[in-house]
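Please take a careful look at the model shown below before reading on.

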Amino acid sequence: MIRPVIAGNWKMNKTVAESVAFAVRLLAAYDTAPGPEVIIAPPFTALQAVAEAIRGSFIALCAQNLHEAEKGAYTGEISGGMLREAGCTAVIIGHSERRTLFGEGDDRINRKLQAALTTGLKPIFCIGESLRQREEDETETVIAHQLKEGLNNLTADDIVRLAIAYEPVWAIGTGKTASPEQAERVHRFIREWIAGRYGPECAATLAILYGGSVTPANIAGLMAQPDINGGLIGGASLDVDSFIRIIGN
Ligand code: PEP
């Protein structure tokens, strides 16, 4: 049984005060921890303050990116060790916005995944095809390539420490969600690919999250699919009531 994961990616939204207020309201909504693992990914500037607000609670703190080096002359960058120090236990790696807007390729993403694992952070490894690739029937080829390159040099012991987020690029922030059946087909493909490479036990425990215009209205249909183990939520995670409804789907 894979514990569901609901992760909110706030991107470049929310001040420190807004981030803390969200965390406080989220905590206040529960007497006991909800069923799913709940993860929030505020901007870098708010990490430490949110870490204080959620200390000892059921909420896990996640960064949206890291640099693969331990330290050094990388102006503007943040290392895995710094994220740990700020209170993070997880990090999003390979988000399509990092791939397309910031030129991150599979090789870089692979180095970031290795850095995250070395530092003790749980990576949420994002993969997904573009609209053109889907229309040209290349979805599985693209996903297999991203998995092969992104996970290069990782062992089964590494794989059990990460989550994979399938995020079709055409569904991110567009209001166009993959149907539960469309998403399930790709999730099953991902699980079978992992089983083929790392063994069935490893694949059976891997949380595969769906991301792309998830809302309180469509989360239940997605979560009802056997290979969808949670969601990576962008826009709908910015409002605390909407996020709570998604957690409780
Ligand atoms: C995301 O950016 O990871 C995402 C899924 O965004 P949205 O939910 O807004 O489509």
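The paragraphs that follow go from the overall fold to the surroundings of the ligand.

This is a predicted model, in which local features need pLDDT of at least 70 and side-chain atom pairs count only at pLDDT 80 or more, while totals for chains, interfaces and linings use all residues. Residues are numbered from 1 along each chain as its sequence is written, and side-chain values use heavy atoms, with hydrogens and water left out.

The protein's secondary structure comes to 12 helices and eight strands, these being DSSP runs of H or I with at least four residues for helices and of E with at least two for strands. Its radius of gyration is 17 Å, close to the 18 Å that the globule rule gives for 249 residues, so the protein is as compact as a globular protein of that length; the radius is taken over C-alpha atoms, and the rule is 2.2 Å times the number of residues to the power 0.38. Along the principal axes, the C-alpha atoms fill a box of roughly 45 × 45 × 35 Å.

Around the ligand there are 14 residues, of which Lys11, His95, Glu167, Gly173 and Ser213 come nearest, where near means having a heavy atom within 4 Å. Among the polar contacts (pairs of N or O atoms within 3.5 Å), a polar side-chain atom of Glu167 lies 2.7 Å from an oxygen atom of the ligand, whereas polar backbone atoms take part at Gly173, at 2.6 Å from a ligand oxygen, and at Gly235, at 2.8 Å. The ligand taken alone exposes 290 Å², and the protein buries 95% of that, as computed by the Shrake-Rupley method with a 1.4 Å probe.

Methods
A polar contact is a pair of N or O atoms within 3.5 Å; within protein, one must be able to donate a hydrogen and the other to accept it, and residues adjacent in sequence count only if both atoms are side-chain atoms.
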